[in-house]
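Colleague: Walk me through this one before I set anything up with it, please.

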Amino acid sequence: MPRLTLRIDFDGERAIGPGKIKLLELIDALGSISAAGRRMGMSYRRAWLLVDALNRCFREPLVASHAGGAHGGGAALTPAGCAVVRHYRAVEAAAHAAGAAHIAALTQALAEPGRVVDAAPGEARPAAPRAG
């Protein structure tokens, strides 16, 4: 089944896409940056760096963390974080709806997996794999 992946580039340094949104959603669900990172197969440091970048990217922080103690630390989305996730998912849903017919047409035009399609006249054809 085809899937549409959406990344929003705000400028050369700031962008948000499915990975960062998933991290935010997992922080919201699990209450922890480290647990969210583990769930996504990344180190705490990588998850923390992404959260730090997101917090600096927007006017208000998206994630608030709480220092550890006897009961451990934690993290939660701020109202701004919840709004960013909500807006991203709304843009994603609108893109899916607007592109559904085109995605279906592209899917219908796909060759069967593993099938080699002859190149059009004048086009280079990919080289055959060499026998080892």
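Modeller: A word on terms to begin with: helices (DSSP H or I, at least four residues) and strands (DSSP E, at least two residues) are DSSP runs, numbered from the N terminus. This is a predicted model, in which local features need a pLDDT of at least 70 and side-chain atom pairs count only at pLDDT 80 or more, while totals for chains, interfaces and linings use all residues. Residues are numbered from 1 along each chain as its sequence is written, and side-chain values use heavy atoms, with hydrogens and water left out.

Colleague: How much of the chain counts as buried?

Modeller: I call a residue buried under 20% relative accessible area, exposed over 50% and partly exposed in between, using a 1.4 Å probe and protein chains only. On that basis, 26% of the 132 residues of the chain count as buried.

Colleague: Let's take α3. What span should it have, and what span does it have?

Modeller: The expected span is 1.5 Å times one less than the number of residues. For helix α3 (residues 44-57), which has 14 residues, that gives 20 Å, and because its end C-alpha atoms are 20 Å apart, the two values agree.

Colleague: Which residues of α3 are buried?

Modeller: Ala47, Leu50, Val51, Leu54 and Cys57 are the buried ones. They cover an arc of only 125 degrees around the axis, which means that they sit on the same side of α3; the arc is taken from the directions from the helix axis to the C-beta atoms. Arg45 and Arg56 are exposed, and they lie on the face of α3 turned away from the buried side.

Colleague: What covers that buried side?

Modeller: Counting a contact as heavy atoms within 4.5 Å, the cover over the buried residues of α3 includes β2 (15-16), α1, α2 (33-39) and β3.

Colleague: Okay, α1 next. Which of its residues are buried, and what covers them?

Modeller: In α1 the buried residues are Ile21, Leu23, Leu24, Leu26 and Ile27, and what covers them includes β2, α2, α3, β3, β4 (74-77) and α4. Just after α1 comes Gly31, which has a positive phi of about 70 degrees.

Colleague: Now Glu92: where is it, and is it buried or exposed?

Modeller: Glu92 lies in helix α4 (residues 79-108), and it counts as buried because its relative accessibility is 15%.

Colleague: Which side chain does Glu92 pair with in a polar contact?

Modeller: The side chain of Arg89, at 2.7 Å. A polar contact here is a pair of N or O atoms within 3.5 Å; within protein, one must be able to donate a hydrogen and the other to accept it, and residues adjacent in sequence count only if both atoms are side-chain atoms.

Colleague: And what does Arg89 touch?

Modeller: Leaving out residues up to four places away in sequence, Arg89 touches Ile21 and Glu25. Arg89 lies in helix α4 too, and it is partly exposed because its relative accessible area is 29%. Between Arg89 and Leu6 there are 83 residues in sequence and 9.6 Å in space, C-alpha to C-alpha.

Colleague: Last one, Arg14. Where is it and what does it touch?

Modeller: Arg14 is in the loop between β1 (8-9) and β2, and at 38% relative accessibility it counts as partly exposed. Not counting residues up to four places away in sequence, Arg14 touches Ile8, Asp9 and Cys57. The side chains of Arg14 and Asp11 also make a polar contact, at 2.6 Å.
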